[in-house]
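Thanks for coming. I will show one structure and talk through two parts of it.

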Amino acid sequence: MIAGLLDLCFPPLCELCQTSLDKGHSLCRDCANGLQRIEEPYCQKCGEGFAGQITGEFSCPNCSNITLDFDFARSPLKAAGPSRELVHALKYRSRFYLSDELAAFFVELMETDSRLHNLPESTVVTPVPLHWWRQQMRQGNQAHELAKAFCRRSGLRLLPALKRIRRTETQTQLTRKQRLSNLRDAFAIHKKELDNLKGTTVILIDDVFTTGSTAHECARLLKKEAAVDRVIALTLLRG
Ligand SMILES: [Zn+2]
Ligand SMILES: [Zn+2]
């Protein structure tokens, strides 16, 4: 009741334009519709969008000469001003209530990309973990919050099977090759989940896809150590 009264006196505001919203929302319809989607044509491997007319399936030059152990990656949104602002608020200002509205973009993607239709019964959703220290500092893990909200909306099963066992240098200044070696042995699988992962399709959830090195390293580990069948990397933004 108190929460109801508070909503009446202080209705929730849109995170981007501050118009007042109905209870349970954090983004207005106009702002949500205004965020730039990544639509066809896009690389079938890494999900990078390309301008112009490309018909049929294709892989981009970045993907053609390297091994990426995930099956494919997709992001619903381009990393642009407002979408970056939202992820920044989620990630660095602990505004985890945004995850519910942001997870809706994953559901939208599931409807538009036919490779995400008819997923096997055994499909699980696994967030990319943070090192416990960083998680303490941020009071939570944005990828975990997104994964939880995505499961609530999609009915898929959450399986937080990965942990980060090594703190890594921040990746932003590194080249693609340096990123890959920077992440070697950074992750491990919770032993109790090994049997639960065998033969499954894993949807790996993270906030931003930049070079794909995180998704690759997690996929490599899941396939090698836990005999996971397929890994699909979904990130909210494409950097
Ligand atoms: Zn708005
Ligand atoms: Zn690509």
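Which residue in strand 7 is the bridge partner of Val 125? Before the answer, some conventions. This is a predicted model, in which local features need pLDDT of at least 70 and side-chain atom pairs count only at pLDDT 80 or more, while totals for chains, interfaces and linings use all residues. Residues are numbered from 1 along each chain as its sequence is written, chains are lettered from A and ligands numbered from 1 in the order in which they are written, and side-chain values use heavy atoms, with hydrogens and water left out.

The partner is Ile 203. Strands here are DSSP runs of E, at least two residues, numbered from the N terminus. Strand 3, residues 124-127, pairs with strand 7, residues 201-209, in the parallel sense over four bridges; pairing requires at least two DSSP bridges between the strands. Strand 3 also pairs with strand 4, residues 157-158, again parallel, over two bridges. There the bridge partner of Val 125 is Leu 158.

Val 124 and Thr 126 point one way from strand 3, Val 125 and Pro 127 the other, and all are buried, meaning under 20% relative accessible area with a 1.4 Å probe, protein chains only.

Now the zinc ion, ligand 2. Its protein donors are the SG atoms of Cys 43, Cys 46, Cys 60 and Cys 63, at 2.3 to 2.4 Å; a donor is an N, O or S atom within 2.8 Å of the metal (3.2 Å for Na, K and Ca), and water is not among the atoms, so sites may look incomplete. The spacing along the chain is C-x2-C-x13-C-x2-C. The arrangement is tetrahedral because the four donor atoms subtend angles of 101 to 114 degrees, the criterion being that all angles lie between 85 and 135 degrees. Cys 60 is buried at 1% relative accessible area, and Cys 63 is buried at 8%.

Key. Tetrahedral: all angles 85-135°; square planar, octahedral: opposite > 155°, others 65-115°. Buried < 20%, exposed > 50% of the residue type's maximum accessible area, 1.4 Å probe, protein only.
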